[in-house]
Amino acid sequence: MTPSLCFSPTRNLARGGGGKREAFLPLLHNSHLYLCRHSSSSFFSDTHIFKTEDKHGCSTLLFKAQPPKSFFLNLRPRNLKFINPSATLSSFAEAGDEGEELQETNNRSGMAKAFNISSNTAYAISICIAVAALTLPFLMKTLSLNLSLKTKVLSYVTLLFGFYMAWNIGANDVANAMGTSVGSGALTLRQAVMTAAVLEFSGALLMGTHVSSTMQKGIVVASVFQGKDSLLFIGLLSSLAASGTWLQIASYYGWPVSTTHCIVGAMVGFGLVYGGVGAVFWSSLARVVSSWVISPVIGAVASFLVYKCIRRFVYSAPNPGQAAAAAAPIAVFVGVTGTSFVAFPLSKIWLVAIAQALACGTTGAVLVSKVIHKQLGHLLEKSELSAEEPDKLDNSSNIGLLSEVAGPTGTQLKIVYGVFGYMQVLSACFMSFAHGGNDVANAIGPLAAALSILQGNASGAEIVIPIDVLAWGGFGIVAGLMMWGYRVMATIGNKITELTPTRGFAAEFAAALVVLFASSLGLPISATHTLVGAVMGVGFARGLNSVRSETVKEIVTSWAVTLPVGAALAVLYTWILSKLLANLL
């Protein structure tokens with residue numbers, strides 16, 4: 001059946017009936033019109049146009065399209081643009097413009113799509129970052145010292161290796177802090193990246209580890225390489241390059257892997273091949289391997305319980321909105337108090353530290369309570385006006401922790417999601433700041449050790465990291481976050497399980513508490529693995545089918561191969577750099 005389409009000019013004469021104007025609208029006969037934006041030219045390449053006139057002299061254009069054989073091969077749902085049968089000629093022009101916009105969107109780079117900017121803008125940002133990475137080292141104190149030209153060249157190369165590692169930390173590991181907030185909708189991707197950029201850099205600069213052991217994480221016995229400074233220097237560079245390479249591969253595919261484990265694998269490979277079996281602290285390596293199981297399991301259990309508590313004590317409450325508003329300050333009090341006491345004690349005296357932590361927790365709880373009531377006060381008042389049935393009050397007291405509870409709806413749902421959206425943003429900001437302060441050492445520790453070897457200060461067991469080197473690491477993290485951070489954020493936020501503000505908060509809050517207290521107790525915990533486990537735990541709380549098993553398999557596989565791949569790459573890069581730098585060292 002051949003589709004035909006009639007168009008009448010909009011300038012129609014009044015025909016009787018008191019001068020009433022009639023507009024002839026396009027009529028679509030026998031079939032709907034499907035306009036494929038990629039094949040529009042071929043679609044109308046064999047179109048016949050007929051002009052007819054009615055008895056009143058009004059002309060009408062009749063289009064009869066004969067689609068080519070290849071047309072139907074392009075009829076895919078994502079390539080179709082459906083046109084309303086009542087569209088005018090101008091509608092077809094608008095549809096064509098929309099098609100061009102959609103095609104332009106599909107042709108944009110990943111960074112441009114993620115931030116909803118043009119490809120030219122994305123390329124300009126990337127070029128600016130690359131130029132800054134190549135030129136800023138010349139302004140650093142490290143290269144302004146009274147050193148030989150050879151040492152300055154090697155220092156410049158070392159700084160670039162450190163930047164590469166920091167860039168990949170930003171591209172992969174920062175998703176731990178912001179991925180769940182993006183997945184639940186609490187933050188847009190652009191908001192998450194800009195917020196994390198400021199906090200990651202601030203954390204790296206203000207809280208970065210100023211003192212780091214020469215051999216990162218105590219994996220390699222430094223005494224084995226005594227008198228082999230050149231080999232040790234090459235090994236440190238190779239570890240940075242190997243870790244950065246594997247992180248970049250993992251980020252490309254959206255796999256959240258541990259940057260600490262990347263460094264550990266690289267150092268183990270270098271130590272084994274160039275120092276022998278005695279060059280590796282095998283007990284430290286065993287702790288790393290055990291964290292593959294411990295971290296996700298503890299994270300999953302903790303988030304499962306937190307999410308079930310939210311459903312039991314908030315969702316099943318007579319007024320879920322009021323219950324959420326009351327629970328938020330309690331969660332803030334627990335989180336801030338625990339963090340202040342365990343991670344950032346303000347005093348070395350035990351009782352004083354507890355009092356200060358309680359004061360910080362109370363202050364945080366009061367501020368959050370005021371913000372919530374100010375932002376959601378109109379909804380809270382509206383929720384109070386709705387009277388609850390007595391039966392619901394009686395039944396809610398009999399609900400167990402693991403019982404299935406129906407979620408709130410309407411105004412109550414808006415309040416609950418609003419409250420936990422604020423909570424999730426706060427927890428994400430804290431995790432981002434702490435991450436910048438803690439994990440920057442994964443890039444800066446080996447970098448600072450390599451620089452100290454070049455400057456002849458390798459004899460000491462500890463080295464002091466200059467402030468400009470810390471800032472350099474923070475810049476690398478921010479650059480990687482901006483350019484590739486969206487990849488792993490998508491995995492954490494969307495691909496493991498569907499997240500909402502309550503689920504995202506449960507995962508982040510549980511992961512933060514587990515990492516905080518496990519680290520203080522000396523347990524082998526990975527922040528990345530803990531958060532991935534926490535996201536899975538939230539999914540398990542909704543049912544086993546709520547977790548996408550294929551995504552989990554990919555992630556676990558990437559964890560298992562991180563150590564051997566990092567080790568192999570470190571050995572390869574050590575061999576390559578030994579050949580390339582033979583004349584300079």
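**A first look**

A: Start with S558: it is buried, with a relative accessible area of 2%. Buried means under 20% relative accessible area, exposed means over 50%, and partly exposed lies in between, using a 1.4 Å probe and protein chains only.

Q: What kind of model is this?

A: This is a predicted model, where local features need pLDDT of at least 70, side-chain atom pairs count only at pLDDT 80 or more, and totals for chains, interfaces and linings use all residues. Residues are numbered from 1 along each chain as its sequence is written, and side-chain values use heavy atoms, with hydrogens and water left out.

Q: OK, back to S558. Which helix is it in?

A: S558 sits in helix α20, residues 549-580. Helices (H or I, at least four residues) and strands (E, at least two) are DSSP runs, numbered from the N terminus.

Q: And what is S558 in contact with, leaving aside its neighbours within four places in sequence?

A: W246, W255 and V257. Contact means heavy atoms within 4.5 Å.

Q: How many helices and strands are there in the protein?

A: The protein has 20 helices and 8 strands. Of its 585 residues, 48% count as buried.

Q: Among contacts between residues at least 6 apart in sequence, what share join residues at least 24 apart?

A: That share is 80%.

Q: Let's switch to S238. Buried or exposed?

A: S238 is buried, with a relative accessible area of 0%. It belongs to helix α9, residues 229-253.

Q: Which side chain does S238 join in a polar contact?

A: The side chain of T574, at 3.0 Å. A polar contact is a pair of N or O atoms within 3.5 Å; within protein, one must be able to donate a hydrogen and the other to accept it, and residues adjacent in sequence count only if both atoms are side-chain atoms. Leaving aside neighbours within four places in sequence, S238 is in contact with A570, Y573, T574 and L577.

Q: What about D468?

A: D468 is in helix α17, residues 467-495. It is buried, with a relative accessible area of 19%.

Q: What does its side chain reach?

A: The side chain of D468 reaches the backbone nitrogen of K141 at 3.0 Å. Beyond its neighbours within four places in sequence, D468 is in contact with M140, K141 and T142.

Q: How far apart are D468 and T142?

A: They are 326 residues apart along the chain, and their C-alpha atoms are separated by 8.4 Å.

Q: And G377, where does that lie?

A: G377 lies in helix α13, residues 350-385. G377 is buried, with a relative accessible area of 16%.

Q: Now N116. Buried or exposed?

A: N116 is exposed, with a relative accessible area of 57%. It is found in the loop between α3 (110-115) and α4 (119-135).

Q: What is its phi?

A: Phi of N116 is near 55°, a positive value in a residue other than glycine.

Q: Last topic: which helices each supply at least two residues of the lining of the second largest pocket?

A: α12 (320-342), α15 (410-438) and α18 (501-521).
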